[in-house]
Amino acid sequence: MSATVTTTKSTSTPGKGNGPASRMSLGKVLLIVAGALVALSVLRALVDAAQQADFDRVTSAGQIGAALSMAVPIGLAGLGGLWSERAGVVNIGLEGMMILGTFFGAWAGYQSNPWVGVLAGVLGGAVGGLIHAVATVTFGVDHIISGVAMNILALGATTYLAKRWFEPLADIGGSPKNSPQVDPIQSFTVPGLSDWLADLENHHWFLVSDVAGILGGLVTDISALTVVSVLLVVGSFFALWRTSFGLRLRSCGENPTAAESLGVNVYLYKYAAVVISGGLAGLGGVFLALVRSHIYNEGQTGGRGYIGLAAMLFGNWRPGGLAMGAGLFGYSDALQLRNGGATVHALLLLVALGLAALAAWRIVRKSYVAGAVSGAAAVALLLWYALTDTVPNDLVSATPYIVTLLVMGLASQRLRMPKANNRPYRKGQGT
């Protein structure tokens with residue numbers, strides 16, 4: 001595989017794509033995190049006097065805990081998309097695989113225990129991934145068409161099975177649209193640390209209390225499945241970028257013909273990637289059913305498979321960026337759920353400040369048109385914030401989707417997907 005490594009390095013363009021020059025250093029990442037923390041603290045201080053009861057939730061432990069629970073299923077779906085697309089297979093069917101995870105996770109969890117439900121949900125999503133792999137890898141079906149068909153098939157199958165399996169359980173809470181209640185998965189709180197951070201948060205000190213609230217949300221009432229999900233993100237990075245297996249898999253997404261000429265079984269690696277992708281999406285569905293609600297509900301994925309894809313794109317097909325994107329989307333989702341229009345109204349000021357900073361950065365980089373557009377958007381949001389007291393409920397419910405569109409619009413200029421993504425490949429091209 002040394003020849004593959006040489007080829008990959010020689011085709012990388014400094015400062016672009018996924019080459020070494022494009023990766024952020026640890027110092028830059030820490031600087032971004034510090035800047036975000038200071039921005040949140042300044043923003044909370046500015047609004048405290050007039051709207052403290054509403055805006056105080058932005059950095060509270062409750063808000064961060066809710067954001068984390070919203071981010072996990074999005075992140076798992078995005079991680080599934082990353083595995084698949086790194087092998088050259090676009091997986092639009094993540095939504096359907098999540099649906100399979102919610103259904104089979106709740107069904108098996110009710111029949112036995114929650115951890116059996118976790119396994120069943122992962123297997124359900126993996127079966128969806130296998131179907132997608134058969135269609136795209138073996139039969140060469142267009143990846144987008146296959147993914148859309150997977151979403152329709154999963155929705156139809158679970159609707160039918162819910163009527164057959166859950167409707168007879170009406171006396172204990174079952175119905176054609178939901179399962180009976182499932183026992184919750186264990187959660188934990190770090191003793192001592194959680195109480196200390198809560199005490200710091202209640203002092204409302206600038207920056208210190210904000211950091212305490214954020215850290216408190218990460219160590220208070222955390223589901224065991226959340227910990228598993230974090231380990232999967234870290235493990236995916238090491239598996240894909242630090243092992244020969246990951247190198248071969250990524251070579252299938254960059255140049256499958258060259259990979260095959262070096263002895264890589266391209267079909268096998270593509271199958272493995274898409275099945276793993278489905279299993280991860282299924283686990284995201286399990287999280288929705290067994291951690292968030294303890295029940296299966298028809299339509300409970302709510303498009304999170306698609307948002308997971310957006311998080312993957314935001315992260316430029318890398319686990320670290322994907323986790324940041326999932327956190328951003330989860331945070332916006334939790335914000336609109338916890339306090340409605342007043343809290344989202346406060347978010348307008350944060351977005352306006354971010355756009356103003358982006359405009360300044362664009363102008364410094366001599367991208368005058370992009371800077372002007374960002375600056376105009378910042379001014380418009382500041383005026384909206386100053387002239388109103390709340391946000392209409394119709395826009396509140398659409399907050400995570402609007403954030404998704406804004407982030408993707410801003411991030412689209414630096415994206416570099418695997419070169420062979422969504423390209424047809426037939427066995428024998430490399431011989």
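## Overall picture

Of the 431 residues in the protein, 48% are buried, and it should be kept in mind from the start that the model described here is a predicted one. The protein has 17 helices and two strands. When contacts with a separation of 6 or more are considered, 79% of them are between residues 24 or more positions apart.

In soluble globular proteins, nonpolar side chains tend to be buried together. In this model the largest nonpolar core has 45 residues, and those with the most contacts inside it are Leu-249 and Phe-329. Helix 12, which runs over residues 266-292, gives the largest share of this core, namely eight residues. A second, separate core has 19 residues, including Leu-76, Val-118, Leu-225 and Leu-283.

What does Phe-329 touch, if residues up to four places away in sequence are not counted? Its partners are Ile-74, Ile-307, Ala-310, Ala-311, Val-403, Thr-404 and Val-407.

Helix 10 covers residues 244-254, and because eight of its eleven residues are buried, it is largely enclosed by the rest of the structure. The buried residues of helix 10 are Gly-246, Leu-247, Leu-249, Arg-250, Ser-251, Cys-252, Gly-253 and Glu-254. Leu-249, already named for its contacts in the largest nonpolar core, is therefore found in a helix of which eight of the eleven residues are buried.

Helix 8 is made of twelve residues, 208-219, and its first and last C-alpha atoms are 17 Å apart, which is close to the 16 Å expected at 1.5 Å a residue. The buried residues of helix 8 are Ser-209, Asp-210, Ala-212, Gly-213, Ile-214, Gly-216, Gly-217 and Val-219. Asp-221 follows helix 8, and its phi is positive, near 50 degrees.

Ser-146 lies in helix 6, which spans residues 143-165, and it counts as buried because its relative accessibility is 8%, where the cut-off for a buried residue is under 20%. The side chain of Ser-146 is joined to that of His-132 by a polar contact of 2.8 Å. With residues up to four places away in sequence left out, Ser-146 touches His-132, Ala-135, Thr-136 and Val-141.

Ser-194 has its place in helix 7, residues 193-202, and is buried, with a relative accessible area of 8%. Leaving aside neighbours within four places in sequence, Ser-194 is in contact with Thr-189, Val-219 and Thr-220. Val-219, one of these partners, is also among the buried residues of helix 8.

## Loops and positive phi angles

Most residues other than glycine have a negative phi, and most peptide bonds are trans. Trp-317 lies in the loop between helix 13 and helix 14, whereas Lys-366 lies in the loop between helix 14 and helix 15, the latter covering residues 368-387.

Arg-318 is buried, with a relative accessible area of 17%. Although Arg-318 and Ser-236 are 82 residues apart along the chain, their C-alpha atoms are separated by 9.5 Å.

## An enclosed space

Rolling a probe the size of a water molecule over the atoms shows where empty space is left. The structure holds one cavity of 30 Å³ or more, and the volume of the largest cavity is about 50 Å³.

Which residues line the largest cavity? The lining consists of Ile-99, Thr-102, Leu-155, Thr-158, Tyr-296, Asn-297, Glu-298, Gly-299, Gln-300 and Thr-301. Helix 4, residues 94-111, supplies at least two residues of this lining, and helix 6 likewise supplies at least two.

How values were computed: Residues are numbered from 1 along each chain as its sequence is written. This is a predicted model: local features need pLDDT of at least 70, side-chain atom pairs count only at pLDDT 80 or more; totals for chains, interfaces and linings use all residues. Side-chain values use heavy atoms; hydrogens and water are left out. A nonpolar core is a set of buried Ala, Val, Leu, Ile, Met, Phe, Trp, Tyr and Cys residues joined through side-chain atoms within 4.5 Å. Buried means under 20% relative accessible area, exposed over 50%, partly exposed in between (1.4 Å probe, protein chains only). Helices (H or I, at least four residues) and strands (E, at least two) are DSSP runs, numbered from the N terminus. Contact means heavy atoms within 4.5 Å. The expected span of a helix is 1.5 Å times one less than its number of residues. A polar contact is a pair of N or O atoms within 3.5 Å; within protein, one must be able to donate a hydrogen and the other to accept it, and residues adjacent in sequence count only if both atoms are side-chain atoms. On a 1 Å grid over the protein atoms alone, a cavity is a set of points where a 1.4 Å probe fits but cannot get out, and a pocket is an open set with protein on both sides within 12 Å along at least five of seven lines; lining residues have an atom within 4 Å of a point. Grid points are joined across faces, edges and corners, and a volume is the space filled by probe spheres set on the points.
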